[in-house]
Amino acid sequence: MGHLLNSTSTLFTQLYDYYSWTLSLSDERTRGWLMVDSPTPTLLYTALYLAIVGVGPRLMRDRKPFKLKWILLPYNIAMAVLNLYIAFELFVGSTRLRYSYVCQPIRHISHKEELRIANAVWWYYFSKLLEFSDTFFFILRKKDKQLTFLHVYHHSTMFSLWWIGIKWVPSGSTFLPAMVNSFIHVLMYSYYGLSALGPRIAPFLWWKKYLTILQLVQFTTALILGINGIRSGCDFPLWMQYALVIYMLSFIILFGNFYTKAYIEKGKKAMYRGVSNGHTEPLPSTSDKKWD
(Lines give C-alpha, C1' and ligand atoms only; values in the text may rest on other atoms or scores of the structure.)
Protein backbone atom coordinates (compact mmCIF):
# COMPACT_ATOMS: atom_id res chain seq x y z
CA MET A 1 0.00 0.00 0.00
CA GLY A 2 2.83 2.36 0.90
CA HIS A 3 4.58 1.58 -2.39
CA LEU A 4 1.39 2.41 -4.33
CA LEU A 5 1.01 5.73 -2.52
CA ASN A 6 4.64 6.61 -3.19
CA SER A 7 4.26 5.74 -6.87
CA THR A 8 1.09 7.83 -7.14
CA SER A 9 2.75 10.76 -5.40
CA THR A 10 5.76 10.51 -7.71
CA LEU A 11 3.48 10.46 -10.77
CA PHE A 12 1.59 13.56 -9.67
CA THR A 13 4.87 15.33 -8.93
CA GLN A 14 6.18 14.51 -12.38
CA LEU A 15 2.94 15.66 -14.03
CA TYR A 16 3.01 18.92 -12.08
CA ASP A 17 6.65 19.49 -13.00
CA TYR A 18 5.79 18.88 -16.66
CA TYR A 19 2.83 21.28 -16.39
CA SER A 20 5.07 23.94 -14.84
CA TRP A 21 7.62 23.41 -17.60
CA THR A 22 5.02 23.87 -20.34
CA LEU A 23 3.82 27.07 -18.66
CA SER A 24 7.36 28.40 -18.72
CA LEU A 25 7.29 28.02 -22.51
CA SER A 26 4.17 30.14 -22.91
CA ASP A 27 4.30 33.43 -24.79
CA GLU A 28 5.36 36.25 -22.48
CA ARG A 29 3.37 38.84 -24.42
CA THR A 30 0.01 37.52 -23.22
CA ARG A 31 0.94 36.83 -19.61
CA GLY A 32 -1.37 38.61 -17.20
CA TRP A 33 -4.15 38.92 -19.76
CA LEU A 34 -7.69 38.04 -18.68
CA MET A 35 -8.18 34.24 -18.28
CA VAL A 36 -4.84 33.46 -19.95
CA ASP A 37 -2.40 32.62 -17.15
CA SER A 38 -4.30 29.62 -15.79
CA PRO A 39 -6.47 27.01 -17.55
CA THR A 40 -8.86 27.01 -14.57
CA PRO A 41 -11.36 29.64 -15.87
CA THR A 42 -11.54 28.00 -19.29
CA LEU A 43 -12.02 24.51 -17.84
CA LEU A 44 -14.61 25.69 -15.31
CA TYR A 45 -16.66 27.56 -17.94
CA THR A 46 -16.48 24.55 -20.26
CA ALA A 47 -17.58 22.19 -17.49
CA LEU A 48 -20.46 24.53 -16.62
CA TYR A 49 -21.43 24.67 -20.30
CA LEU A 50 -21.53 20.86 -20.56
CA ALA A 51 -23.52 20.64 -17.32
CA ILE A 52 -26.13 23.06 -18.68
CA VAL A 53 -26.30 21.08 -21.93
CA GLY A 54 -26.96 17.93 -19.91
CA VAL A 55 -29.48 19.39 -17.45
CA GLY A 56 -31.08 22.22 -19.43
CA PRO A 57 -33.32 20.23 -21.80
CA ARG A 58 -34.68 18.20 -18.89
CA LEU A 59 -35.51 21.36 -16.93
CA MET A 60 -37.33 22.76 -19.98
CA ARG A 61 -39.20 19.53 -20.73
CA ASP A 62 -42.47 20.56 -19.05
CA ARG A 63 -42.11 24.29 -19.70
CA LYS A 64 -43.18 26.39 -22.64
CA PRO A 65 -40.37 27.54 -24.93
CA PHE A 66 -39.16 31.10 -24.56
CA LYS A 67 -39.50 33.28 -27.66
CA LEU A 68 -36.42 35.45 -26.90
CA LYS A 69 -37.01 37.67 -29.93
CA TRP A 70 -36.04 40.67 -27.81
CA ILE A 71 -32.47 39.38 -27.39
CA LEU A 72 -31.79 37.25 -30.48
CA LEU A 73 -31.50 40.17 -32.90
CA PRO A 74 -29.15 42.37 -30.79
CA TYR A 75 -27.09 39.32 -29.77
CA ASN A 76 -26.54 38.20 -33.35
CA ILE A 77 -25.76 41.74 -34.50
CA ALA A 78 -23.25 42.16 -31.66
CA MET A 79 -21.56 38.85 -32.50
CA ALA A 80 -21.39 39.77 -36.18
CA VAL A 81 -19.78 43.12 -35.31
CA LEU A 82 -17.29 41.48 -32.90
CA ASN A 83 -16.22 38.93 -35.50
CA LEU A 84 -15.91 41.66 -38.13
CA TYR A 85 -13.60 43.57 -35.76
CA ILE A 86 -11.47 40.45 -35.17
CA ALA A 87 -11.20 39.64 -38.87
CA PHE A 88 -10.34 43.25 -39.71
CA GLU A 89 -7.64 43.53 -37.03
CA LEU A 90 -6.03 40.24 -38.07
CA PHE A 91 -6.12 41.16 -41.75
CA VAL A 92 -4.65 44.64 -41.24
CA GLY A 93 -1.99 43.46 -38.77
CA SER A 94 -0.89 40.48 -40.87
CA THR A 95 -0.82 42.59 -44.05
CA ARG A 96 1.35 45.30 -42.50
CA LEU A 97 3.72 42.65 -41.16
CA ARG A 98 3.68 40.85 -44.53
CA TYR A 99 2.67 37.58 -42.92
CA SER A 100 2.76 34.46 -45.07
CA TYR A 101 -0.54 32.61 -45.53
CA VAL A 102 1.35 29.33 -46.03
CA CYS A 103 3.87 29.34 -43.18
CA GLN A 104 4.39 32.15 -40.70
CA PRO A 105 6.85 31.61 -37.82
CA ILE A 106 6.13 33.18 -34.44
CA ARG A 107 8.04 36.36 -33.76
CA HIS A 108 8.48 36.80 -30.02
CA ILE A 109 8.66 40.57 -30.25
CA SER A 110 6.46 43.32 -28.86
CA HIS A 111 6.01 45.13 -32.15
CA LYS A 112 2.84 47.23 -32.35
CA GLU A 113 1.29 45.10 -35.11
CA GLU A 114 2.37 41.84 -33.45
CA LEU A 115 0.52 42.90 -30.29
CA ARG A 116 -2.41 43.93 -32.47
CA ILE A 117 -2.62 40.36 -33.78
CA ALA A 118 -2.25 38.87 -30.29
CA ASN A 119 -5.02 41.15 -29.01
CA ALA A 120 -7.32 40.07 -31.85
CA VAL A 121 -6.54 36.41 -31.15
CA TRP A 122 -7.51 37.00 -27.49
CA TRP A 123 -10.84 38.47 -28.56
CA TYR A 124 -11.32 35.48 -30.83
CA TYR A 125 -10.71 33.16 -27.85
CA PHE A 126 -13.09 35.21 -25.69
CA SER A 127 -15.75 35.14 -28.43
CA LYS A 128 -15.86 31.36 -28.07
CA LEU A 129 -17.05 31.86 -24.50
CA LEU A 130 -19.76 34.25 -25.69
CA GLU A 131 -20.83 31.70 -28.31
CA PHE A 132 -21.96 29.37 -25.53
CA SER A 133 -25.07 31.56 -25.63
CA ASP A 134 -26.00 29.95 -28.96
CA THR A 135 -26.56 26.69 -27.12
CA PHE A 136 -28.38 28.29 -24.20
CA PHE A 137 -30.82 29.96 -26.58
CA PHE A 138 -31.53 26.60 -28.23
CA ILE A 139 -32.27 25.11 -24.81
CA LEU A 140 -34.55 27.95 -23.71
CA ARG A 141 -36.41 27.83 -27.03
CA LYS A 142 -36.65 24.01 -26.81
CA LYS A 143 -34.79 23.54 -30.09
CA ASP A 144 -33.41 20.23 -28.86
CA LYS A 145 -32.82 18.97 -32.41
CA GLN A 146 -30.19 21.68 -32.73
CA LEU A 147 -28.23 20.24 -29.78
CA THR A 148 -26.37 17.75 -31.92
CA PHE A 149 -23.04 16.17 -31.08
CA LEU A 150 -21.46 18.40 -33.73
CA HIS A 151 -22.86 21.55 -32.11
CA VAL A 152 -21.77 20.69 -28.57
CA TYR A 153 -18.39 19.30 -29.68
CA HIS A 154 -17.68 22.41 -31.73
CA HIS A 155 -18.55 24.90 -28.98
CA SER A 156 -16.94 23.07 -26.05
CA THR A 157 -13.64 22.29 -27.78
CA MET A 158 -13.06 25.59 -29.59
CA PHE A 159 -13.01 27.56 -26.34
CA SER A 160 -10.42 25.26 -24.74
CA LEU A 161 -8.23 24.93 -27.83
CA TRP A 162 -8.06 28.66 -28.37
CA TRP A 163 -6.94 29.14 -24.76
CA ILE A 164 -3.95 27.04 -25.84
CA GLY A 165 -3.60 29.29 -28.86
CA ILE A 166 -3.58 32.58 -26.94
CA LYS A 167 -1.36 31.07 -24.24
CA TRP A 168 1.40 29.61 -26.44
CA VAL A 169 0.97 30.76 -30.05
CA PRO A 170 -0.87 34.13 -30.13
CA SER A 171 0.71 35.17 -33.42
CA GLY A 172 2.38 33.61 -36.45
CA SER A 173 0.29 31.16 -38.48
CA THR A 174 -2.33 31.23 -35.73
CA PHE A 175 -3.76 34.39 -37.29
CA LEU A 176 -5.07 32.70 -40.45
CA PRO A 177 -7.68 30.23 -39.08
CA ALA A 178 -8.90 32.89 -36.62
CA MET A 179 -9.22 35.49 -39.38
CA VAL A 180 -11.02 33.22 -41.86
CA ASN A 181 -13.33 31.74 -39.24
CA SER A 182 -14.22 35.19 -37.92
CA PHE A 183 -15.17 36.31 -41.42
CA ILE A 184 -17.40 33.25 -41.84
CA HIS A 185 -18.98 34.01 -38.46
CA VAL A 186 -19.84 37.50 -39.67
CA LEU A 187 -21.94 35.86 -42.40
CA MET A 188 -23.32 33.24 -40.01
CA TYR A 189 -24.48 35.67 -37.32
CA SER A 190 -25.86 37.97 -39.99
CA TYR A 191 -27.94 35.03 -41.19
CA TYR A 192 -29.20 34.27 -37.69
CA GLY A 193 -29.90 37.95 -37.06
CA LEU A 194 -31.99 38.19 -40.22
CA SER A 195 -33.83 34.94 -39.46
CA ALA A 196 -34.81 36.36 -36.06
CA LEU A 197 -36.85 39.04 -37.86
CA GLY A 198 -39.53 36.51 -38.77
CA PRO A 199 -40.95 34.44 -41.65
CA ARG A 200 -41.16 37.40 -44.03
CA ILE A 201 -37.38 37.28 -44.37
CA ALA A 202 -37.38 33.55 -45.29
CA PRO A 203 -37.21 34.07 -49.08
CA PHE A 204 -33.95 35.98 -48.61
CA LEU A 205 -32.27 33.27 -46.52
CA TRP A 206 -31.61 30.79 -49.31
CA TRP A 207 -27.86 30.97 -48.72
CA LYS A 208 -27.62 29.04 -45.46
CA LYS A 209 -26.28 25.85 -47.00
CA TYR A 210 -23.50 27.83 -48.67
CA LEU A 211 -22.25 28.77 -45.21
CA THR A 212 -21.75 25.07 -44.49
CA ILE A 213 -19.95 24.67 -47.83
CA LEU A 214 -17.76 27.64 -46.96
CA GLN A 215 -16.94 26.06 -43.61
CA LEU A 216 -16.01 22.77 -45.28
CA VAL A 217 -13.73 24.66 -47.69
CA GLN A 218 -12.17 26.42 -44.70
CA PHE A 219 -11.52 23.15 -42.84
CA THR A 220 -10.12 21.44 -45.93
CA THR A 221 -7.79 24.35 -46.68
CA ALA A 222 -6.59 24.43 -43.05
CA LEU A 223 -5.98 20.66 -43.22
CA ILE A 224 -3.91 21.03 -46.40
CA LEU A 225 -1.90 23.90 -44.92
CA GLY A 226 -1.29 21.88 -41.74
CA ILE A 227 -0.06 18.85 -43.66
CA ASN A 228 2.11 21.05 -45.85
CA GLY A 229 3.56 22.74 -42.76
CA ILE A 230 4.51 19.36 -41.28
CA ARG A 231 6.04 18.09 -44.54
CA SER A 232 7.92 21.29 -45.36
CA GLY A 233 9.29 21.80 -41.85
CA CYS A 234 7.53 25.11 -41.29
CA ASP A 235 9.09 26.98 -38.36
CA PHE A 236 5.87 26.87 -36.34
CA PRO A 237 5.34 24.58 -33.30
CA LEU A 238 5.03 21.05 -34.68
CA TRP A 239 2.61 19.94 -31.97
CA MET A 240 0.27 22.75 -32.99
CA GLN A 241 0.32 21.67 -36.62
CA TYR A 242 -0.48 18.05 -35.72
CA ALA A 243 -3.30 19.24 -33.45
CA LEU A 244 -4.65 21.36 -36.32
CA VAL A 245 -4.63 18.43 -38.75
CA ILE A 246 -6.44 16.09 -36.32
CA TYR A 247 -8.98 18.76 -35.36
CA MET A 248 -9.71 19.70 -38.97
CA LEU A 249 -10.21 16.04 -39.87
CA SER A 250 -12.83 15.73 -37.14
CA PHE A 251 -14.63 18.84 -38.43
CA ILE A 252 -14.56 17.68 -42.04
CA ILE A 253 -16.13 14.37 -41.03
CA LEU A 254 -18.77 15.93 -38.75
CA PHE A 255 -19.68 18.89 -40.96
CA GLY A 256 -19.60 16.67 -44.05
CA ASN A 257 -22.03 14.29 -42.38
CA PHE A 258 -24.27 17.23 -41.40
CA TYR A 259 -24.25 18.62 -44.95
CA THR A 260 -25.08 15.23 -46.42
CA LYS A 261 -28.05 14.69 -44.12
CA ALA A 262 -29.31 18.28 -44.08
CA TYR A 263 -29.12 19.03 -47.79
CA ILE A 264 -28.26 16.09 -50.05
CA GLU A 265 -30.44 13.38 -48.47
CA LYS A 266 -33.21 15.85 -47.59
CA GLY A 267 -33.15 17.23 -51.14
CA LYS A 268 -33.49 13.76 -52.62
CA LYS A 269 -36.43 12.94 -50.34
CA ALA A 270 -38.14 16.24 -51.17
CA MET A 271 -37.68 15.64 -54.88
CA TYR A 272 -39.03 12.10 -54.56
CA ARG A 273 -42.12 13.37 -52.73
CA GLY A 274 -42.60 16.05 -55.37
CA VAL A 275 -42.41 13.57 -58.24
CA SER A 276 -44.73 11.09 -56.50
CA ASN A 277 -47.28 13.90 -56.03
CA GLY A 278 -47.12 14.88 -59.68
CA HIS A 279 -44.80 17.87 -59.18
CA THR A 280 -41.55 18.45 -61.01
CA GLU A 281 -40.05 20.82 -58.40
CA PRO A 282 -38.70 19.80 -54.95
CA LEU A 283 -40.97 20.64 -52.06
CA PRO A 284 -39.75 23.50 -49.85
CA SER A 285 -38.29 22.64 -46.49
CA THR A 286 -39.31 24.50 -43.35
CA SER A 287 -36.96 22.70 -40.96
CA ASP A 288 -34.37 25.50 -41.01
CA LYS A 289 -36.67 28.23 -39.72
CA LYS A 290 -35.22 29.93 -36.65
CA TRP A 291 -37.94 32.41 -35.78
CA ASP A 292 -40.65 30.22 -34.27
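Nonpolar surface patches are built from residues with over 30% relative accessible area and no salt bridge, where nonpolar side chains (Val, Leu, Ile, Met, Phe, Trp, Tyr) are joined within 5 Å. A salt bridge, in turn, is a side-chain nitrogen of Lys or Arg within 4 Å of a carboxyl oxygen of Asp or Glu. Accessible areas come from the Shrake-Rupley method with a 1.4 Å probe.

Before we look around, a word on the model. It is a predicted one, where local features need pLDDT of at least 70 and side-chain atom pairs count only at pLDDT 80 or more, while totals for chains, interfaces and linings use all residues. Residues are numbered from 1 along each chain as its sequence is written, and side-chain values use heavy atoms, with hydrogens and water left out.

Trp206, Tyr210, Ile213 and Val217 make a nonpolar surface patch of about 430 Å². Find Ile213 in helix α8, residues 208-232 (helices are DSSP runs of H or I with at least four residues, numbered from the N terminus). Ile213 has 31% relative accessibility, so it counts as partly exposed (buried is under 20%, exposed over 50%, partly exposed in between).

Now for the rings. Two rings of Phe, Tyr or Trp (its six-membered ring) pair if their centres lie within 6.5 Å; planes under 30 degrees apart are stacked, over 60 edge-to-face, and the rest tilted. That rule gives 25 aromatic pairs. Take Phe132 and Phe159: their ring centres are 5.5 Å apart and their planes sit at 80°, so this pair is edge-to-face. Because Phe132 belongs to helix α5 (residues 132-140) and Phe159 to helix α6 (residues 149-168), the pair ties together parts 27 residues apart in sequence. Both Phe132 and Phe159 are buried.

Tyr247 and Phe251 pair up too, but tilted, at 4.5 Å centre to centre with 50° between the planes. They are four residues apart in helix α9 (residues 238-276), so about one helical turn separates them. Tyr247 is buried at 11% relative accessible area, and Phe251 is buried at 1%. Ring pairs also link Tyr247 and Phe251 into a cluster with Phe149, Tyr153, Phe219 and Phe255.

Last stop: Thr174, in the loop between α6 and α7 (175-195). Thr174 is buried, with 3% relative accessible area. Looking past neighbours within four places in sequence, Thr174 is in contact with Val121, Trp162, Val169 and Phe236 (contact means heavy atoms within 4.5 Å). The Thr174 side chain also reaches the backbone oxygen of Ser171 at 3.3 Å.

Conventions. Helices (H or I, at least four residues) and strands (E, at least two) are DSSP runs, numbered from the N terminus. Buried means under 20% relative accessible area, exposed over 50%, partly exposed in between (1.4 Å probe, protein chains only). A polar contact is a pair of N or O atoms within 3.5 Å; within protein, one must be able to donate a hydrogen and the other to accept it, and residues adjacent in sequence count only if both atoms are side-chain atoms. Patches are made of residues with over 30% relative accessible area and no salt bridge: like charges are joined within 9 Å, nonpolar side chains (Val, Leu, Ile, Met, Phe, Trp, Tyr) within 5 Å.
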